[in-house]
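I am opening a notebook on a structure that is new to me. I will look things up one at a time and write down what I find.

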Amino acid sequence: SYSFTIVMDLNLKDKVFVVTGGGKGIGEAITKGAAAEGATVIIVSRTDIEGTPLENWLKAHNAVYGFIKAELSDEDQCKKAIEEILMRYGDIYCLVNNAGVNDGVGLQQGTVEKFINSLFTNLIHYYALSHYAVESLKRTKGNIINISSKTAVTGQGNTSGYAASKGAQLALTREWAVEMLPYEVRVNCVIPAEVYTPLYDSWIKTFPNPEEKLKSITDKIPLGKRMTTSEEIASMVLYLASEKASHITGQHLFVDGGYTHLDRAL
Ligand code: NAP
């Protein structure tokens, strides 16, 4: 019988979160959400957050945060980033693999070299950072959250490297969840579909009439005919990271207003 009351205190205070690409878009919302919960948030990204509205927000909210500059397609920089985090902030409780670029390497238009580069941009660092952080995660009984994309299951066209990376992230979520069972390290995946971020903005602008294209997409989003917000993705990440999700592992969570699975003709 249950003798406790369920209160959604995520209990993340002082826990170390690492958010790749945590300075923009979905990553920025995750950074803010974790900071608001009292976590120590380390942003790992290639563009400095110094003087940005995000940094001003973090300061105004007395957040405990750090920034590590790294080009994540370089494995060596991934290793150094984790080493520096462990040295400066201690053990990692949650690694959010989020950084990625929908880089348009198509089956017809791409080259093998560009395809391989796309895997470095989008996939290899998910493994590298998780690999270098895993002993620390075992000590904290922490968790990994991979941000994938609907393109992993729907395709998009003209983006083989990105789609392959996103698909691999789904497989690795299951694979790592299994390998980490003995250590009670949970591994989950959050799958956005349509979220208006700087990445999305640059993608939509590749179309001749971006506004028309955007409307044709939002018209097909079943719940509310609107884009998902970065904050709605972040809420799922924070819940999954918390002890409230203590029996959830190896899962693929779609936060997309029904875009991927519901009948869009309705
Ligand atoms: P975003 O607005 O472009 O932000 C991504 C951040 O990651 C940027 O700060 C970017 O740095 C950084 N980054 C990318 N590659 C990096 C690298 N190699 N090394 C270091 N930093 C790197 O993207 P977003 O839309 O928030 O996307 C975040 C995640 O959500 C991605 O994994 C994406 O696949 C996924 N997703 C997004 C959508 C959507 O609708 N937006 C849909 C499905 C999935 P720079 O600013 O320097 O480039």
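The entries below start with the ground rules, then go to the ligand, then to single residues.

**Ground rules.** I am working with a predicted model, where local features need pLDDT of at least 70, side-chain atom pairs count only at pLDDT 80 or more, and totals for chains, interfaces and linings use all residues. Residues are numbered from 1 along each chain as its sequence is written, and side-chain values use heavy atoms, with hydrogens and water left out.

**Polar contacts.** Next I looked for pairs of N or O atoms within 3.5 Å; within protein, one must be able to donate a hydrogen and the other to accept it, and residues adjacent in sequence count only if both atoms are side-chain atoms. The side chain of Thr 47 puts an N or O atom 2.4 Å from a ligand oxygen. For the side chain of Lys 166, I found 2.8 Å to an oxygen of the ligand. Leu 199 takes part through a backbone N or O atom, 3.2 Å from a ligand oxygen.

How much of the ligand does the protein bury? Alone, the ligand exposes 890 Å², and the protein buries 93% of that (Shrake-Rupley method, 1.4 Å probe).

**Elements of the shell.** Helices here are DSSP runs of H or I with at least four residues, strands are E runs of at least two, and numbering starts at the N terminus.

**Two partly exposed residues.** For burial I used relative accessible area: buried is under 20%, exposed over 50%, partly exposed in between (1.4 Å probe, protein chains only). Thr 52 is in the loop between β2 (40–45) and α2 (53–60). Thr 52 counts as partly exposed because its relative accessible area is 24%. Its C-alpha atom is 27 Å from that of Asp 76, 24 residues apart along the chain.

Leu 214 belongs to helix α8 (residues 210–218). With 22% relative accessibility, Leu 214 is partly exposed.

**Positive phi.** Most residues other than glycine have a negative phi. I noted two with a positive value. Asn 62 has a phi near 50 degrees and sits in the loop between α2 and β3 (64–69). Asn 62 is exposed because its relative accessibility is 70%. Glu 184 has a phi of about 55 degrees. I found Glu 184 in the loop between α6 and β6 (186–191), exposed at 52% relative accessibility.

**Last entry.** Is Asp 256 buried or exposed? Asp 256 is buried, since its relative accessibility is 7%. Asp 256 lies in the segment after β7 (252–254). Its side chain reaches the backbone nitrogen of Gly 258 at 3.0 Å.
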